[in-house]
Amino acid sequence: MGIDRRGFLKTIGVAGAALTVGKSFASSPETTTKSDTEFYGILYDSTLCEGCQSCEFACAEKYELPFPTEAPVPDVIKKTSDTQRVVINTFNTSKGEQFIRTSCNHCNEPACASACLTKAMYKTAEGPVIWRADKCMGCRSCMISCPFDMPKFEYNNPNPKIQKCRMCYEQMKNGEKPACVDVCPPEALLFGKRRDLIEIARTRIYSEPEKYHHAIYGEHEVGGTGLLTIASVPFEELGMRKDLGTTSYPEYNKTFLYSVPAVLVLWPAFLLGLNNSFLERKKRIKQEKEDNS
Amino acid sequence: MEGFSRVDIFDTKGMEYLFVIGYLILLIIFWRLSTKQVSLGKQIKQVIGVLTANVLRIPQGLFYSRNHTWTHLEESGAARVGMDDLLQHITGQVRIDKLLSPGEVIRKGDLLTEIEQDGKHLRIFSPISGTILDANSELAGSPELLNQDPYREGWIYRIKPSDWKKETGSYYLAEEAVNWSVKELERFKDFLAVSMKKVAPEPSLVALQDGGELRDNTLSHLPNEVWEAFQKDFLDHNS
Amino acid sequence: MNTIQQPGFFKFMMNELKPKGKIITPFNVIAGFTILVAAYILFFRFKDGLGSVIHASQDMPWGLWINFNVITGVAFAGGAFVVTFMVYIVGMEKYRPIVRATVLYALLAYMFYAGALLLDLGRPWKVINPIIGNSFGLSSVLFLVAWHFILYMGSLFIEFSPTITEWASLKKVRKYVVNLTLGVVIFGIALSTLHQSGLGALFLMAKPKIHPLWYSEFIPILFFISSIFAGLSLVIVMETINQRVFKNDMAFSFKSSHRGIMMSLARVCGVTMFVYLTMTILVFLHGKNYTYINTGWGAWYLVEIVGFVVVPCILFMFGYNRRNMLLIRTAAVMSILGIILNRLNISTITYHWYDKGFHYPTWKEVVVSAAVIFVQILVFRWIIRRMPVYRESPGWVTAKKENQSSIQKEERSKSWKVLAE
């Protein structure tokens, strides 16, 4: 590592102070709500990952899912499923074999939560996007909307659940770390406030510019995500999509949903007026006919 | 800073939808009210609205002067005077401010009193000569008596007449009074047609088409100039 | 009045429930068989979970029931809001003969296709959640669509209720309900605009997963415009069929006005399709989609647009011009196919277009889809054979109307008399 603990703490301290000051100058749109709690996130450093799959095992154990049976195979993409919430894939890249973690990205403005009509998919104030069983009716709109196709549905269950990483939300509220972060032997996973994690990621990149690709995946993608990834190669080589844009996905619905009340106000008034004018015209024509006859 | 805490761009949707539902209900009410307009036909059909000859009350046994006052000799020898029904139909609700005091002597043709409505006045002249015995003090507090009951409770003065027979000789009585009232009504319609051209308010308010009937309380819709002209034409006869 | 009807009402219902016409006909047999098989399939759908019946996967979450019955089927119910607009708002009496049938078709369509949606839900018993307020997902387009479906079904029911009251001889109720018609029609048109476009808006967030030739921010507007001519094309096809199938239940005025109405509808369809084409080209230019035309998907896109939008549009206009019913009917069928193609393209065929493999439904999905449509047709037929949809209204309705107009005439002449004196 190119930075020692003292330097690390100094950077965090300065960064934190700077960002707090900066916060007061930020403007928020009138139609949004803001809370004072800040997001937590997970930073995944692909250069430190050894592909041991300890995170997969820890997650499966915690949520009573079957243990994964296969090791990652280079360039064969394994996806999360209704029995696995986090997968490690491996790719042969320009810098050799690199690992990549795939799981729910816990977007800042999640498409799934916006699409959910029962608020079963819910963005908590602390950051994790969680699925709440008591509300879900299984419409699968979240699956249609998620740009990463993360929510997985239990098709073979008569009482189906949605399976997706929930960043161990209950444990987080008790001050513990998510299971995968806790167990990771090479400490490739870091848990903390998203703000701090971005600083740490930037620090790592600036400290070792040849080692890392100069971008943080999730800093701006889809409006920012809670799971941040840094790697040694461009993210396309690791099977990640770069064409998802930087607007948050609920923004795509904005024009339509904002115009709904307007239509409900304007159409009835316009139609009433139209109806009135046609009726008057009819009356007048009838009157003229009677006068002439 | 953005990207570090929760935002909800659809936060206000609930409020908006509730408001829109309220709006749709209000729109129905508002629309219904906006298309309400009293129609001309309705005006015709108002029960008290039409001033035709059959509406007039012309009790028998009273003398009617051409100034639209009536007088009636009671058994006690005192004569009561007041304004007739046609006049009160024409003017509508009026007030009487000044009344002569008992003991005053008046001659036929003297000013009896003034009736007033919204700053418009008409002078009522006495049909007989004599001494004022009594003035109806009720009229100050309840001027509607003039309209509701012009021949009984709405009496204006009790006068001791000095020359009853001679003065009432030329007045209308019984069937003559009825005929005369009908003619006066027609004359009033013509008067209106002439005045309208001068004053030009909305004709439909007052009368309906040529040969149509009059709206009740006709003069109350018309301005001062018409009242003055009416005074001259109908209330200023010296006979 | 109603107390006299009470014992009669029960008898009346029992009488109405008896089947009219032959029971064993080819249509009935096929429909009945399909429905029975569908019931059997649905038993397993609820016992073993959705996966046992539909071919959906983690990448393709929506199967035929949502993509076809809901997203496509509801477009065809768009005839109701167009025809009620023309008859009640603008006052074009020309279309009055088809109003009741169109509203009935739409009412049944929404009822059964919303039912099909319930079948495709993972946990249908929780559908009550967004309705009774156990957390409204206000940011969701599906929430809006679901609520609009419910409200619009209510509106259609009220629009259709004069027919029901005439059938059940509920005279006072009919009078009350008829007064509600204009308000409910206006509300229905506003709702229709929003949920027809809303069905398209469901896919707005799926931008990276739908092929760029079909995806744009204008999907809701295109869905709305296409629902106009989809609904009217379906009305043309439906009326063509009904003229033959229900000719014994049809009064003469409905038969004689058929041709004229079809011609006018063809013209409306043609013009609307022209507008739709213009919007499509506008979207095409806006998205700089010409870069995709040279691919296989590009060819497929041209097939859909040219073959199933441009061609029917031309056929409609020619058919109207030459008064040729065959051209019009062909155009209507082609435009229906075009709508199905467009909606399936967006929701299924080009969804995850970059993944290899062709997504197809299971035979079970197809059977259940077909069964839903069969049930809808059977109910439609039951109602047409009994209620005054294509028949003249019962005597007391027209008598009342004549009474009313003669009373009005008398009153008017009375008022003139007063003036004349």
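Before the close-ups, some housekeeping. Everything here is a predicted model, where local features need pLDDT of at least 70, side-chain atom pairs count only at pLDDT 80 or more, and totals for chains, interfaces and linings use all residues. Residues are numbered from 1 along each chain as its sequence is written, while chains are lettered from A and ligands numbered from 1 in the order in which they are written.

View 1. Helices (H or I, at least four residues) and strands (E, at least two) are DSSP runs, numbered from the N terminus. The end C-alpha atoms of α8(A) are 61 Å apart, which agrees with the 62 Å that its 42 residues should span at 1.5 Å a residue (the expected span is 1.5 Å times one less than the number of residues). Look along α8(A) for its buried residues, among them Y252(A), F256(A), V260(A), L264(A) and P268(A). A residue is called buried if 20 or more other C-beta atoms lie within 10 Å of its own, exposed if 12 or fewer, and partly exposed in between, with C-beta atoms placed from the backbone. The cover over the buried residues of α8(A) includes α3 of chain A and α1 (13–34) of chain B, together with α5 (79–89), α8 (141–167), α9 (171–201) and α10 (219–245) of chain C.

**View 2. Where chain A touches chain C.** Here 50 residues of chain A are in contact with 48 residues of chain C; contact means that the C-beta atoms of two residues, placed from the backbone, lie within 7 Å. On the chain A side, α8(A) turns up again with the largest share, 17 residues. That side divides into 30 nonpolar, 12 polar and 8 charged residues. For the sorting, Ala, Val, Leu, Ile, Met, Phe, Trp, Tyr, Cys and Pro count as nonpolar, Asp, Glu, Lys and Arg as charged, and the others, Gly among them, as polar.

**View 3. Strand β9(A), covered on both faces.** L227(A) and T229(A) sit on one side, L228(A) and I230(A) on the other, and all are buried. Strand β1 (residues 40–45) of chain A runs parallel to β9(A), joined by 4 bridges; two strands pair if DSSP finds at least two bridges between them. To find your place, spot L43(A), whose bridge partner in β9(A) is L228(A). Among the elements of chain A, β9(A) also has the highest mean pLDDT, 96, whereas helix α1 (residues 5–23) has the lowest, 48. pLDDT is the predictor's confidence in each residue, from 0 to 100. Over residues 14–31 of chain A the pLDDT is below 50. Where pLDDT is low, the predicted coordinates should not be read in detail.

**View 4. The hairpin of β7(B) and β8(B).** Strands β7 (residues 111–117) and β8 (residues 120–125) of chain B pair in the antiparallel sense over 6 bridges. T113(B) stands opposite I124(B). Between the strands are 2 residues, and D118(B) in the turn has a positive phi of about 50°, although D118(B) is not a glycine. D118(B) counts as exposed because it has 12 other C-beta atoms within 10 Å.

View 5. H68(B), in the loop between β2 (63–64) and β3 (69–73), has a positive phi of about 65° although it is not a glycine. Leaving aside neighbours within four places in sequence, the contacts of L219(B) include I90(B), T91(B), W227(B) and F230(B).

**View 6. Helix α12(C) and what it packs against.** This helix covers residues 296–322, and its end C-alpha atoms are 37 Å apart, which agrees with the 39 Å its 27 residues should span. Its buried residues, including Y301(C), I305(C), F316(C) and Y320(C), pack against α11 (252–286) and α13 (325–349) of chain C. After α12(C) comes R323(C), with a positive phi near 50°.
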